[in-house]
Number of protein chains: 2
Amino acid sequence: MGIKAFAPASIGNVGVGFDIMGLCLERPGDEVIARTSETPGLRITKITGHGGRLSSDIDKNTAGVAARSLLEHLGESGRGIELEIHKKMPFGSGLGSSAASAVAAVVAVSELLRTGLSKRELLHFACLGEQVASGSYHADNVAPSLIGGIVLIRDSATLDVHRLHVPKGLYVVVVYPKVEILTKEARAILKPDVTLKQYVSQSANVGGFIVGLYNSDIALIGRSLRDDIIEPQRAALIPGFYDVKSAALSCEGVLGCSISGSGPSVFALCANSLAAESAGLAMQQAFAGHKVESDIFLSPINQEGATIC
Amino acid sequence: MGIKAFAPASIGNVGVGFDIMGLCLERPGDEVIARTSETPGLRITKITGHGGRLSSDIDKNTAGVAARSLLEHLGESGRGIELEIHKKMPFGSGLGSSAASAVAAVVAVSELLRTGLSKRELLHFACLGEQVASGSYHADNVAPSLIGGIVLIRDSATLDVHRLHVPKGLYVVVVYPKVEILTKEARAILKPDVTLKQYVSQSANVGGFIVGLYNSDIALIGRSLRDDIIEPQRAALIPGFYDVKSAALSCEGVLGCSISGSGPSVFALCANSLAAESAGLAMQQAFAGHKVESDIFLSPINQEGATIC
């Protein structure tokens, strides 16, 4: 017997909320198939789409660690389970690739064993998996990939996460330039301090963004969707970033544009799908002007999160 | 002919949102009476309740500057108008005393001249008055005193202010210890930087507080109503602050407790009026233990703001 789960990509930070927000896309995403086996223990039997870069050692694989943590919690460590991991999104892209694999693994295993656990209850195990890749226990990609929507992570340690109201029609475009940034490196370049003034204005933008979402105030979302702290420090890691951003913002209906997670993908939040399409092409063209190839992903806000498929 | 306006006290920062939030109380507050006069020009004819500490020179008085700015905007600088200012709240208390006078003045003058201007349109002139007292153009006391509610000030310069949804039943107690702190001094002691980690957790609390308000999630409001950046720096200015805070938090139904504005008043946000009453007495007793006399003000969230009375 086998179960296939799909877990979508996500946009960590959403520009305005460094380390405290994430947004769920409909595509791309990863698939994990879990099957019962007569051989005791958890094994990874197949990994596709990873270009030889993922280990099938359970301890070193986000999906493996996530699934094993769940099995340990259930007292089912000895259960014979095989995982197949199908990576269908780029690595080191800033789209939450490792989170998606961890999420798909726990969702598939939970369904296979008919645990009846809610997504909220699965969150912890997916975060344990994500920790293998990122080095820290945090939910800003895992939570949106699992539960969908735009998520505020008030506190990762206690998984105090909240889905925010999302106005109808919002659409996202992500443009992934084919250069690689490792999350660990992107964190290492950040200054350890911010000025009090930056803190005040950025926290005001966090507030304005959330109020804009709840009040469906599209203009307020647009004014608030900015990152004056992290983006300027990371922009240099992305060839042509400011040209790409300008290209996006010059399109009608684009509310804001910033770095997805720790990059290099750049996203634009848009008032509708048409704006997202225009912005995507403009952004791709701007990258091309810097001799960088890129892929475009268009998506509404995914309100469902990970699914059994 | 005369018009009397009342403008209420307010809690700047609301603990969690330094420089970006304010909350409107029902009492105390200031009254300003505006009367037409046959003598051209604006004059302050009477000030009560100020202990000789306010100037009746228009240029040096928050109510005077606010009213004059409005009259200039209307092209009515020559109009004969007399102002009476009745201070009914303590100075330098952290309750937005100067903002209340400025707000009451513009509301009274606007009504007297039947300008038809909305409160939103009056906000700018009240901020100009407040600027005389505080040295900067900011709306975190003026906006809640004028429009009521719990207000997010996304940007003072453009007066991008937003009333937040407020769950039913929330109640506030403010305890004013009879020591004085000047806003300018309270600002001067603040360190110019915060750590990135502090920024992340405090901005998460701003987000959590707003989501808690919109979702009427009382527990989330309680977890989020904290200030790990400013409060520790200012606590030493308030005798016995941590004892007062502990006393408040030990009462059932108290969601959070912090410094009102730049102090010395300490407020507690409560789930209901009973909790606020208990907390007020406990806080007063804690101040007494430090040989500090104090006054208690109990109030629901004032959703109306300044009024003609």
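This is a predicted model: local features need pLDDT of at least 70, side-chain atom pairs count only at pLDDT 80 or more; totals for chains, interfaces and linings use all residues.
Is B:A247 buried or exposed? B:A247 counts as buried because 26 other C-beta atoms lie within 10 Å, and the cut-off for that label is 20 or more. Once its neighbours within four places in sequence are set aside, B:A247 is in contact with B:A282, B:M283, B:Q285 and B:A286. As for B:F297, 50 residues apart from B:A247 along the chain, the C-alpha atoms of the two are separated by 16 Å.

Let's move to chain A. Helix α10 (residues 273-289) has 17 residues and reaches 24 Å from its first C-alpha to its last, close to the 24 Å expected at 1.5 Å a residue. Its buried residues include A:A275, A:G280, A:M283 and A:F287. The elements of chain A that the buried residues of α10(A) pack against are listed here:

| Element of chain A | Residues |
|---|---|
| β7 | 171-177 |
| α9 | 241-249 |
| β9 | 254-259 |
| β10 | 266-270 |
| β11 | 294-300 |

After α10(A) comes A:K291, with a positive phi near 60°.

Now for a helix pair. Helix α1 (residues 62-73) and helix α3 (residues 119-134), both of chain A, pack at an angle of about 145° with their axes 7 Å apart. Their crossing is right-handed. Among the residues making the contact are A:V65, A:L70 and A:H73 of α1(A), together with A:F125, A:L128 and A:E130 of α3(A). By type, the contact residues divide into nine nonpolar, four polar and one charged.

Conventions
Residues are numbered from 1 along each chain as its sequence is written. Chains are lettered from A and ligands numbered from 1 in the order in which they are written. A residue is buried if 20 or more other C-beta atoms lie within 10 Å of its own, exposed if 12 or fewer, and partly exposed in between; C-beta atoms are placed from the backbone. Two residues are in contact if their C-beta atoms, placed from the backbone, lie within 7 Å. Helices (H or I, at least four residues) and strands (E, at least two) are DSSP runs, numbered from the N terminus. The expected span of a helix is 1.5 Å times one less than its number of residues. Axes are lines fitted to C-alpha atoms, for helices over the stretch in contact, and angles run from 0 to 180 degrees between N-to-C directions. A crossing is left-handed if the near helix is turned anticlockwise from the far one by less than a right angle, and right-handed if clockwise. Ala, Val, Leu, Ile, Met, Phe, Trp, Tyr, Cys and Pro count as nonpolar, Asp, Glu, Lys and Arg as charged, and the others, Gly among them, as polar.
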